[in-house]
Amino acid sequence: MLTFINEKSEEIFRKIPESLILFISRFAISAVFWKSGQTKIEGFSLDIIAMKAQLGWPKLAETTGFLFEYEYNLPLIPPMLAAMLATIAEHLLPILILSGLFTRLAAFGIVVMTLVIQIFVYPDAYPTHATWLAVAMLLMYRGAGVFSVDHWLAKR
């Protein structure tokens, strides 16, 4: 009986297009990091789901420097440099992943950021970080799928 159920469910679930799964994965991981990046800047905001935007020149929020100096306290890198690098990465990597451009490389960047956060910043948040790692590693392994710039470029 269990074998029959497994076979039937496998048959049903295999009909879900892989590119749809990859697109949803790209959207999910991009949203997490984009939203985090948005909390680190002032002067510019964009939330396409809520249809809210504030256009202007982005600058690092004062609270961002404070967080990196006193809460995150990363070793080997000055807090303001870490704040700038993380903020840029949390904006650039989601754009690349969501558009499906250099997806595998951008997903690798997400993996590195996630490991840094897990090891040095919030080691008790491993359930969340494991989820981010799983999604990013899926994208590294499978790529962006057909709904992507990577796919379009590969066909040329």
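Predicted model: local features only at pLDDT ≥ 70, side-chain atom pairs only at ≥ 80, totals over all residues.
Colleague: Is aspartate 124 buried or exposed?

Modeller: The cut-off for exposed is over 50% relative accessible area. Aspartate 124 has a relative accessibility of 69%, so it counts as exposed.

Colleague: How far apart in space are aspartate 124 and alanine 134?

Modeller: In sequence, aspartate 124 and alanine 134 are 10 residues apart. In space, taken from C-alpha to C-alpha, the distance is 17 Å.

Colleague: What kind of aromatic pair do phenylalanine 68 and tyrosine 72 form?

Modeller: The whole structure has 4 aromatic pairs. In the pair of phenylalanine 68 and tyrosine 72, the ring centres are 4.7 Å apart and the planes meet at 80°. Planes over 60 degrees apart count as edge-to-face. The pair is therefore edge-to-face.

Colleague: Which helix holds both phenylalanine 68 and tyrosine 72?

Modeller: Phenylalanine 68 is buried, and tyrosine 72 is buried too. They are 4 residues apart, about one turn of the helix, and the helix that holds both, residues 62-72, is α3.

Colleague: Which residues do ring pairs link into a cluster?

Modeller: A pair of aromatic rings is described by the distance of the centres and the angle of the planes. Ring pairs join three residues here, and the cluster consists of Phe68, Tyr72 and Tyr122.

Colleague: Which element gives the most to the lining of the largest pocket?

Modeller: The largest pocket holds about 510 Å³ of space. Its lining has 26 residues, and among those closest to the centre are Met113, Val116 and Ile117. Two or more lining residues come from each of α2 (18-38), α3, α4 (79-99), α5 and α6. With 7 residues, the element that gives the most is α5.

Colleague: How many nonpolar residues are in the lining of the largest pocket?

Modeller: Sorted by class, this lining has 3 polar and 2 charged residues. The nonpolar residues number 21.

Colleague: From which element does the largest share of the lining of the second largest pocket come?

Modeller: The second largest pocket has about 290 Å³ of space, and its lining includes Phe27, Trp34, Leu46 and Pro94. At least two lining residues come from each of α2, β2 (45-47) and α4. The largest share is 5 residues, and it comes from α2.

Definitions and conventions: Residues numbered from 1 in each chain as written. Heavy atoms only, no water. Buried < 20%, exposed > 50% of the residue type's maximum accessible area, 1.4 Å probe, protein only. Phe/Tyr/Trp six-rings, centres within 6.5 Å; stacked < 30°, edge-to-face > 60°. 1 Å grid on protein atoms, 1.4 Å probe; cavity = no way out; pocket = protein on both sides within 12 Å on 5 of 7 lines; lining within 4 Å. Points joined across faces, edges and corners; volume = space filled by probe spheres on them. Nonpolar A, V, L, I, M, F, W, Y, C, P; charged D, E, K, R; others polar.
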